[in-house]
Amino acid sequence: MPASGLLLAAQIRYQVRLLLANGRTVAIRIGLPVILLVTSGISHGHASAAAVASPATFGLTLAAWNAGGVRLVAAREAGVLKRWRATPLPRWCYFLGRIIATLAVGALAGAVTVAVGVCFYHVPLTAGAALVILLAFVLGAAAWAASATALTSAIPTVEAANVILILIYFPVLIVSGLLGSISEPHWLTTLASYLPVRPLADAVTSALRHATGTPLFPVHDLLTLAVGAPVNPASRRWAR
Amino acid sequence: MSAVSVEHLTKAFGQFAAVDDVSFEVPEGQLVAVLGPNGAGKTTILEMLEGFLAPTAGTIRVLGADPRHGGRAWRARVGLVLQSTSLDPELTARDTLSLYAPLYPRPWRVDEVLELVDLTADAGTRVGALSGGQRRRVDLAIGMIGRPDILFLDEPTTGLDPEARRRTWGGVENLTSTGSTVVLTTHYIDEADHLADRVIVLAGGRIVTDTTPRELRAQGGPATIRYPLTDPAAAADLPPALAEGFDQSSHALVVSSTNMTATLGQLVGWAERHHLDLARLEIGPPTLEEAYLTAIGEPLTPEIPAHALTHPAP
């Protein structure tokens with residue numbers, strides 16, 4: 001039988017291609033965060049680290065949430081998962097390929113926003129900071145994709161997925177202060193610090209501020225993201 | 001050795017038995033068509049053969065293994081085409097097949113399988129831009145790409161136009177010529193007639209007939225007369241025994257008879273009275289469709305008892 005490593009690599013290529021195949025979704029995932037940065041985060045031709053980190057986080061989480069959630073339900077409903085299940089491809093290979101592709105596209109969405117901030121709005125970026133941001137992106141995308149994937153086992157249809165996932169996604173962004181600062185009540189800000197939005201945005205902000213003396217490695221934020229990243233492969237409804 | 005062995009297979013959904021104590025074997029290299037009306041249990045049986053559904057009772061062996069526990073090596077020997085198309089519209093037909101081919105230890109070359117399903121000219125077209133028939137043939141090509149020892153086809157031509165169906169049949173015939181076993185479900189009698197070595201007819205979850213298409217025809221009852229009849233005046237004057245066989249919607253006389261000589265005598269006499277030419281008259285055994293409907297308990301044409309013909313009404 002063909003080696004699993006080769007099959008996994010082929011799956012990753014295939015899934016990335018699917019995620020980037022549709023021009024409209026690419027424009028939304030990658031273009032919208034840049035538009036947010038340009039329209040709301042620029043002052044006198046400069047952007048702050050936080051002004052770049054917020055739309056980058058928005059782009060990444062949107063891409064990972066959508067790919068790990070709605071698209072997975074759509075694939076299940078259309079019989080795509082059943083079709084793959086009928087082949088000799090190991091099930092873990094399909095899902096790992098899908099998740100890695102989601103991480104790659106999610107990280108790309110965040111990276112483009114950061115790159116625009118660095119190239120056009122004088123946001124300083126060191127090589128070490130770039131690596132930390134990349135790590136934060138990967139962990140953040142993994143946390144979001146894994147959460148969405150786990151949720152899909154309880155979502156019966158694409159229509160339901162669109163509603164349920166949006167009803168979860170935007171409230172989490174709001175309580176995490178990504179769409180506007182929230183300081184009260186205290187329990188809410190504490191809760192937000194453990195959801196995979198605030199730690200991601202804070203890790204990116206911290207890394208971008210490294211050039212001005214902030215510690216490079218935001219340990220607490222990255223650990224929080226790492227805890228949320230494990231994948232839930234338990235659902236049997238995936239392959240319904 | 002049998003490619004498929006099914007013994008006392010039952011599948012119940014609550015109190016409803018979708019498949020009820022079904023047993024059959026499929027020898028290697030045979031093409032078996034499973035026919036039956038909606039709800040007869042065709043797809044349920046196929047899903048159990050494919051390993052997607054667990055039986056409530058009974059045993060299944062496909063290529064010597066229980067489909068529920070077939071590993072990667074077993075999956076590599078089994079191809080299937082699901083009832084609905086499940087393709088990614090953004091990929092081309094060639095890209096789709098190139099994705100699936102490396103999963104198998106001894107796949108067809110992509111160009112070969114494209115030729116088998118008559119898609120060479122459309123290989124570079126996005127799946128989303130292909131017609132329904134072409135997409136179905138991409139599905140068929142995916143089922144075939146691994147050079148399967150057995151191929152399950154679940155209503156592979158439902159919804160296709162006649163030309164697309166013929167092309168799909170060609171793809172299936174090309175595969176069977178390589179020695180693969182094929183089990184297909186279909187609503188189309190002509191599909192079974194054209195492709196199958198053997199026909200299993202299901203009704204109400206049970207097998208009502210398991211035979212060859214030729215024998216199924218023979219089981220369909222007596223010979224049948226078919227005659228297109230467009231003259232309403234002549235139709236109104238049909239002898240009572242023949243009038244029962246006149247279908248006003250299709251303007252055709254279709255009569256099965258156990259005494260063909262007497263039936264023909266009545267028909268010829270009636271035609272002479274109305275100066276009708278019987279050049280378009282057909283006499284023959286029942287069609288497979290008629291035999292099928294008889295098998296599932298829905299006769300298509302009225303059968304004229306012999307006494308009605310030997311003692312015609314004045």
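**Chain A and its contact with chain B**

Chain A is built from 10 helices and 2 strands. Keep in mind that this is a predicted model. Chain A touches chain B, with 19 residues of chain A in contact with 18 of chain B.

**How chain A is laid out**

- The C-alpha trace of chain A spans about 55 × 40 × 35 Å along its principal axes.

**How chain A is packed**

- Chain A has a radius of gyration of 18 Å, which agrees with the value near 18 Å that a compact globule of 240 residues would have.
- Of the 240 residues in chain A, 46% are buried.
- Take the contacts in chain A between residues at least 6 apart in sequence: 80% of them join residues at least 24 apart.

**Where chain B meets chain A**

- On the chain B side, 18 residues are in contact with chain A.
- Two helices of chain B, H2 (72-75) and H3 (93-100), each supply at least two residues of the side that touches chain A.
- H2(B) gives the most to that side of chain B, with 3 residues.

Terms used:
Residues numbered from 1 in each chain as written. Chains lettered and ligands numbered in written order. Predicted model: local features only at pLDDT ≥ 70, side-chain atom pairs only at ≥ 80, totals over all residues. Helix = DSSP H or I, 4+ residues; strand = E, 2+ residues; numbered from the N terminus. Rg over C-alpha atoms; globule rule 2.2 N^0.38 Å. Buried ≥ 20, exposed ≤ 12 C-beta atoms within 10 Å, placed from the backbone. Contact = placed C-beta atoms within 7 Å.
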